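Please read it with the structure open.

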Amino acid sequence: MSNSQFIRKAELLVANNEGGLDLSQYRVKFNTHSDSAEAPNHAAIRVYNLSKSTAEKIRSGAYGFVVLNAGYQDGNFGTIFKGSVMQVKVGRESNLDTYVDILASDGDAAYNQGVVATSVARESPLNAQLNPIFSAMVELGIGKSVEDMKSKAVYVMNLRGKVLFGLARAKLRNLVQSLDYSWSIQGGEVVVVPYEGYEKGVVVDLSPGTGLIGTPEQTDSGITATSLLNANLKVGALVRILPEAINREYLTKQAPISYDSRSSIRNLTPLAKDATYLVVVSECEGDTRGDAWYSRLIMVGVDVSSETATDKIKGSS
């Protein structure tokens, strides 16, 4: 195992527009879930033994934003979650230990409350629809534009006038799908990705020597793997795992294959030809004074020769 994965490090900050409160010195347990699907990512964070005044201040809603960084002191350390505080619970776990539970969501306001109400003229480019959609999300904490996708949309014309009324997320979904893109919210940013696209950058080599725990599995929902917590293993990242390191599943749930058992045939995720996979789900579990310190992944194969990549709208949720 690399020496860079030896001393754990975590930082937890709750903040508002005027400043923040650093809770890193306390015991913190957390579970985060990030997904390439449109629904906002979320985190469940438990902080132990805060003073009554601090716990009450958090419970009262004085801090509306949370940032969680985790990893290793001399290794893969970074932000694994940032988003808005949705719920807070104060309680007691034992006679000695109190806790504050924070449930947070990434981009929840823009996702659930962003509404667009406008119209665009006939024979206008599709990117004329992007501006009001993004404006509705900007007002609730998301950024401005996706230049690469907008440049593509310039050449796609509306044959008829169009009314845009409803949730911005639904209008964005329909528009990006017409351009062969998908979208999600990651770390306070709207990320618009070409189908089979990925985030350009470092490819994480995952093996027992770099933190891989157990054996990755081929399933019908993706290639699943568990590793020591690594902030680089986020949605949209590329991971390289050698094919011989992956347990392969049977094609059917029962054997032998017969006419009567055709309904049991499984659509297994194929192994990547070049051993490179795209992270589509990333979950982190940690306890700063316990055993848990893991990243759990669901991945699909990706063709890195296609040179597709993500486009981001930068902003804060």
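1. Make-up. This is a predicted model. The chain has five helices and 18 strands. Of its 317 residues, 45% are buried. Take the contacts between residues at least 6 apart in sequence: 69% of them join residues at least 24 apart.

2. Confidence. Mean pLDDT for the chain is 84, and 84% of the residues reach 70 or more. Among the elements, strand β4 (residues 42–48) has the highest mean, 98. Strand β18 (residues 311–313) has the lowest, 48.

3. Over residues 313–317, pLDDT stays under 50. The model still has 28 contacts beyond four places in sequence for this stretch. Where pLDDT is low, predicted coordinates should not be read in detail. Please treat those contacts with that in mind.

4. The largest pocket. Its volume is about 770 Å³. The lining counts 39 residues, and the closest to the centre are Gln 186, Glu 199, Lys 234, Val 235 and Gly 236. By class, the lining has 16 nonpolar, 15 polar and eight charged residues.

5. Where the lining comes from. Which strand supplies the largest share of the lining? That is β16, with five residues. Strands that each give at least two residues include β3 (28–35), β6 (78–92), β10 (181–186) and β11 (189–194). β16 (276–287) and β17 (293–301) also belong to this group.

6. Thr 276 sits in strand β16. Its relative accessibility is 2%, so Thr 276 counts as buried. Leaving out neighbours within four places in sequence, Thr 276 contacts Leu 238, Val 239 and Arg 240, and also Gly 301, Val 302 and Val 304. Ala 275 lies in the loop between β15 (238–240) and β16. Ala 275 is buried too, at 9% relative accessible area. Check its backbone: phi of Ala 275 is near 65 degrees, a positive value in a residue other than glycine.

7. Asn 49. Here is another positive phi in a residue other than glycine, near 55 degrees for Asn 49. Asn 49 is in the loop between β4 and α1 (52–59). Is Asn 49 buried or partly exposed? Its relative accessibility is 35%, so Asn 49 counts as partly exposed.

8. Leu 68. This residue belongs to strand β5 (residues 65–72). Leu 68 has a relative accessible area of 1%, so it is buried. Beyond four places in sequence, Leu 68 touches Glu 11, Leu 12, Phe 30, Thr 32 and Ile 45, along with Gly 78, Thr 79, Ile 80 and Phe 81. Leu 13 is 55 residues away along the chain, yet the C-alpha atoms of Leu 68 and Leu 13 are separated by 6.6 Å.

9. Glu 217. Strand β13 (residues 212–219) holds Glu 217. With a relative accessible area of 25%, Glu 217 is partly exposed. What does its side chain make a polar contact with? The partner is the side chain of Asn 247, at 2.9 Å. Asn 247 is also one of the residues in contact with Glu 217 beyond four places in sequence; the others are Gly 222, Ile 223, Thr 224, Ile 246 and Glu 249. Arg 248 is 31 residues from Glu 217 in sequence, and their C-alpha atoms are 6.5 Å apart.

Conventions
Residues numbered from 1 in each chain as written. Predicted model: local features only at pLDDT ≥ 70, side-chain atom pairs only at ≥ 80, totals over all residues. Heavy atoms only, no water. 1 Å grid on protein atoms, 1.4 Å probe; cavity = no way out; pocket = protein on both sides within 12 Å on 5 of 7 lines; lining within 4 Å. Points joined across faces, edges and corners; volume = space filled by probe spheres on them. Helix = DSSP H or I, 4+ residues; strand = E, 2+ residues; numbered from the N terminus. Nonpolar A, V, L, I, M, F, W, Y, C, P; charged D, E, K, R; others polar. pLDDT = per-residue confidence, 0-100. Contact = heavy atoms within 4.5 Å. Buried < 20%, exposed > 50% of the residue type's maximum accessible area, 1.4 Å probe, protein only. Polar contact = N/O pair within 3.5 Å; in protein donor to acceptor, adjacent residues only side chain to side chain.
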